[in-house]
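Please look at the sequence and the structure shown here.

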Amino acid sequence: MPAREEPWQAGVGGRAWPLLTLGAAQSTGGRVSPSADSGGAAMTETTSYSGNGLVLVKNPHLDLMEEDVLYHLDLGTKTHNLPAMFGDIKFVCVGGSPNRMRAFAQFMQRELGLAAAGEDVADICAGSDRYAMYRAGPVLSISHGMGIPSISIMLHELIKLLHHAKCRDVTIIRIGTSGGLGIEAGSVVITDTAVDSSFRPRFEQVVLGDVVVRSTELDKDLAEELLACSRDIPDFPTLIGHTMCTYDFYEGQGRLDGALCSFSSEKKLEYLRRAYEAGVRNIEMESSAFAALCRLCGLKAAVVCVTLLDRLEGDQIRASHEVLWEYQQRPQRLIAAFIRKRLGLTRTD
Ligand code: R2B
Ligand code: URA
């Protein structure tokens with residue numbers, strides 16, 4: 001029996017939208033039981049994109065709205081000329097912390113030869129203290145906060161923004177931090193697929209009380225392109241692997257050091273080793289919602305996270321601020337190299 005159908009799957013405009021189907025054992029009367037599946041193998045998906053490079057919003061109500069207020073970004077279709085402000089954006093980089101995304105925009109300005117070192121960038125969303133947004137040439141740098149609810153709100157408004165601005169051929173990349181699994185701290189993981197805490201390649205969104213299941217596969221060609229760029233940066237290991245996305249940093253990631261913990265150290269290690277066996281190489285808190293939303297809206301997307309520790313060795317993040325700061329530069333350096341390459345820029349410094 002198919003999972004609850006997304007409204008746009010009814011074939012709006014004759015286009016074939018992504019279609020998710022589940023095996024009979026996984027769904028119950030159109031309502032998917034979150035615990036019904038253990039392997040995820042029965043889920044199949046067919047995807048076809050519109051092909052014109054535009055961002056797809058799949059909401060018929062939007063066309064009927066006289067004005068679209070992007071509340072959390074403090075932007076809107078009547079108050080701002082979105083095509084003039086953003087129409088030429090080609091790369092969107094998102095990350096948890098506003099300060100890190102500001103530093104990334106400044107870094108990109110230098111990398112693209114647009115400004116001198118240390119030159120400030122203005123927060124485009126200064127009227128809202130929820131998210132921060134900066135621009136460096138064709139690159140938009142936006143913070144998304146921590147966790148799925150926070151990144152989801154930002155992504156809905158960002159995707160509508162790219163749609164209203166008529167942006168074409170946008171590549172979107174989440175750069176962030178994570179806990180590693182069986183790999184050296186400071187490694188950079190490029191996600192091929194985000195998986196849930198049962199290692200299934202799916203994201204469950206509750207819509208009007210029904211669980212809608214969405215695929216969390218990321219763009220394979222983009223992941224390979226990023227891996228190829230990493231070969232020019234030999235100072236840290238970069239690899240492709242699955243990323244486990246959780247709803248919590250402590251119990252949800254099997255930590256022994258939260259305010260609550262009901263499991264033994266042995267149980268924790270057994271779980272993390274199973275995750276490793278399933279192909280998981282790092283753990284963070286946003287990739288599944290990010291992968292699912294971007295995929296459905298026709299955005300080529302990647303997740304590139306540095307690991308701050310090896311979770312098979314411990315739970316607490318004990319590296320010094322200097323070491324952590326340098327680790328956080330690593331995904332930024334890789335993305336800068338990727339964007340420069342895409343833009344055909346060669347190094348002169
Ligand atoms: C990585 O780091 C944050 C938790 O410390 C969270 O946002 C994530 O995904
Ligand atoms: N972010 C996470 O979500 N988990 C970690 O272990 C480290 C950073």
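How far is an oxygen atom of ligand 2 from an N or O atom in the side chain of Arg-255? The distance is 2.6 Å. This counts as a polar contact, a pair of N or O atoms within 3.5 Å. This is a predicted model, in which local features need pLDDT of at least 70 and side-chain atom pairs count only at pLDDT 80 or more, while totals for chains, interfaces and linings use all residues. Residues are numbered from 1 along each chain as its sequence is written, chains are lettered from A and ligands numbered from 1 in the order in which they are written, and side-chain values use heavy atoms, with hydrogens and water left out.

A nitrogen atom of the ligand is 2.8 Å from an N or O atom in the side chain of Gln-253, and an oxygen atom of ligand 2 is 3.5 Å from a polar backbone atom of Gly-179. Taken alone, ligand 2 exposes 230 Å², and the protein buries 93% of that (accessible areas by the Shrake-Rupley method with a 1.4 Å probe).

The residues around ligand 2 (those with a heavy atom within 4 Å of it) include Thr-177, Ser-178, Phe-249 and Leu-309. By class, this shell has five nonpolar, four polar and two charged residues; Asp, Glu, Lys and Arg count as charged, Ala, Val, Leu, Ile, Met, Phe, Trp, Tyr, Cys and Pro as nonpolar, and the others, Gly among them, as polar. The largest share of the shell, three residues, comes from strand S10.

Next comes ligand 1. Around this ligand are Met-146, Arg-174, Thr-177, Phe-249, Glu-284, Met-285 and Glu-286. A polar side-chain atom of Glu-286 lies 2.5 Å from an oxygen atom of ligand 1. For Thr-177, an N or O atom in the side chain is 3.2 Å from an oxygen atom of ligand 1, and for Arg-174 the distance from a polar side-chain atom to a ligand oxygen is 3.3 Å. Ligand 1 taken alone exposes 270 Å², of which the protein buries 81%. Its shell has three nonpolar, one polar and three charged residues.

Phe-91 and Phe-338 have ring centres 6.1 Å apart and planes at 85 degrees, so the pair is edge-to-face. Because Phe-91 lies in strand S7 (residues 91-95) and Phe-338 in helix H7 (residues 321-342), the pair ties together parts that are 247 residues apart in sequence. Helices (H or I, at least four residues) and strands (E, at least two) are DSSP runs, numbered from the N terminus.

Conventions: A polar contact is a pair of N or O atoms within 3.5 Å; within protein, one must be able to donate a hydrogen and the other to accept it, and residues adjacent in sequence count only if both atoms are side-chain atoms. Rings of Phe, Tyr and Trp (its six-membered ring) pair if their centres lie within 6.5 Å; planes under 30 degrees apart count as stacked, over 60 as edge-to-face and the rest as tilted.
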